[in-house]
Amino acid sequence: MGEIKLHPGWREPLNGEFASPYMAELRAFLIAERQAGKRIFPAGGEWFRALDLTPPDKVRAVILGQDPYHGAGQAHGLCFSVRPGTRIPPSLVNIYKEMEADLGVAPAGHGFLEHWASQGVLLLNSVLTVEQGLAASHQGRGWERFTDAVIRLVNDRPEPAVFLLWGSHAQKKAAFVDSIERGGRHLVLKAPHPSPLSAHSGFFGCRHFSKTNAFLESRGLAPIDWALPAA
């Protein structure tokens, strides 16, 4: 991994993770993969992009993904997001459809979601790297433990946040979140994954975007501007 570049707001509370044996093993694995000539996405400088764009004191909402996109030119460190000029993935197309139905926001002509991240939407994948062309190739190597620690940090803050959990994987990963249903401070919203395989099973019609903003405003926080500017 080389020297880890990370926003100090995350770096300090995560120092124990970076110093732990599992991260040393993950680092060794990634170095070996690169030395074997394998192409890893996203680029090394973007592995922690979601954290850099959304420091812990700015987090208002969390969207959890699973793996980075494994095609060339797609992944850049934010779940569901792709670089400008890249074809919008099917799950994100469905996210845009629900956003339009919920808020009347016209779908963007691109899939670049940094506008959300810069407003406090933590777009966090469970696993932060992948080998080109091989989905789930870096699962079980340690990233999951690291991103669990990130979610715990958000959960443990005194400020309320909204967790948008789409699909069973995200719902299991954040099952420990201190939700208002259990007397806690955070709003947990659950729906099926926006994938074309499951979006019609309840993702469409979930209205998570308006529910997020209503909760934030009820707690005296600014709503998210979900409309994306031209890339």
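These legends describe close-up views of a predicted model.

**View 1. Four strands form an open sheet.**
The strand order is β3-β2-β5-β6, and the pairing is parallel. β3 and β6 stand at the edges. Each has a single partner strand, so one side of each lacks a neighbour in the sheet. On average, neighbouring strands are turned by 20° against each other, direction ignored. Helix α7 packs on this sheet and touches β2, β3 and β5 (162-166). The direction of α7 makes about 155° with that of β3.

**View 2. Strands β2 and β3 pair side by side in the parallel sense.**
β2 covers residues 61-65, and β3 covers residues 121-125. Five bridges link the pair. Which residue of β3 is the bridge partner of Val-62? The partner is Leu-122. Further along, Leu-64 stands opposite Leu-124 in β3.

**View 3. Strand β3 is covered on both faces.**
In a regular strand, side chains alternate between the two faces of the sheet. Val-121, Leu-123 and Asn-125 lie on one side of β3. Leu-122 and Leu-124 lie on the other. Are these residues buried or exposed? All are buried.

**View 4. Helix α5 packs against helix α9.**
Two packed helices are described by the angle between their axes and the distance between the axes. Here α5 (residues 90-103) and α9 (residues 208-218) meet at an angle of about 60°. Their axes are 8 Å apart. The angle makes α5 oblique to α9. From α5 come Ile-95, Glu-98, Met-99, Asp-102 and Leu-103. They meet His-208, Phe-209 and Ser-210 of α9. The residues of this contact divide into four nonpolar, two polar and two charged.

**View 5. Helix α9 has several buried residues.**
They are His-208, Phe-209, Ser-210, Thr-212, Asn-213, Phe-215 and Leu-216. What covers them? The cover includes β2, α5, β5 and β6. After α9 comes Gly-220, with a positive phi near 80°.

**View 6. The largest nonpolar core has 71 residues.**
In soluble globular proteins, nonpolar side chains tend to be buried together. In this core, Leu-51, Trp-116, Leu-122, Trp-143 and Phe-146 touch the most other members. Helix α7 (residues 143-156) gives the largest share, six residues.

**View 7. Trp-116 touches residues from several parts of the chain.**
Residues up to four places away in sequence are not counted here. Trp-116 touches Ile-63, Ile-95, Met-99, Val-121 and Leu-123, among others. Asp-225, Trp-226 and Leu-228 are also in its list of contacts. Of these partners, Ile-95 and Met-99 also take part in the contact of α5 with α9.

**View 8. Phe-146 sits in helix α7.**
Phe-146 is buried, with a relative accessible area of 0%. Leaving out residues up to four places away in sequence, Phe-146 touches Leu-14, Glu-17, Phe-18, Tyr-22, Met-23, Phe-48, Leu-51 and Leu-128. Val-82 is 64 residues away along the chain. The C-alpha atoms of Phe-146 and Val-82 are separated by 23 Å.

**View 9. His-186 lies in the loop between α8 and β6.**
The loop joins α8 (168-173) to β6 (187-191). How much relative accessible area does His-186 have? The value is 0%, so His-186 is buried. Its contacts beyond four places in sequence include Val-154, Asn-155, Arg-157 and Glu-159. Others among them are Val-177, Asp-178, Ser-179 and Ile-180. Phe-215 is also in contact with His-186, and Phe-215 is one of the buried residues of α9.

Most residues other than glycine have a negative phi, and most peptide bonds are trans. A cis peptide bond joins Phe-41 and Pro-42, with omega about -10°. Pro-42 lies in the loop between β1 (40-41) and α4 (49-53). Phe-80 is not a glycine, but its phi is positive, about 70°. The loop of Phe-80 runs between β2 and α5. With a relative accessible area of 10%, Phe-80 is buried. Ala-136 also has a positive phi, near 65°. Ala-136 is in the loop between β4 (130-131) and α7. Its relative accessibility is 32%, so Ala-136 counts as partly exposed.

Conventions:
Residues are numbered from 1 along each chain as its sequence is written. Side-chain values use heavy atoms; hydrogens and water are left out. Axes are lines fitted to C-alpha atoms, for helices over the stretch in contact, and angles run from 0 to 180 degrees between N-to-C directions. Helices (H or I, at least four residues) and strands (E, at least two) are DSSP runs, numbered from the N terminus. Angles under 35 degrees count as roughly parallel, over 145 as roughly antiparallel, 65 to 115 as roughly perpendicular and the rest as oblique. Contact means heavy atoms within 4.5 Å. Ala, Val, Leu, Ile, Met, Phe, Trp, Tyr, Cys and Pro count as nonpolar, Asp, Glu, Lys and Arg as charged, and the others, Gly among them, as polar. Buried means under 20% relative accessible area, exposed over 50%, partly exposed in between (1.4 Å probe, protein chains only). Two strands pair if DSSP finds at least two bridges between them. A nonpolar core is a set of buried Ala, Val, Leu, Ile, Met, Phe, Trp, Tyr and Cys residues joined through side-chain atoms within 4.5 Å.
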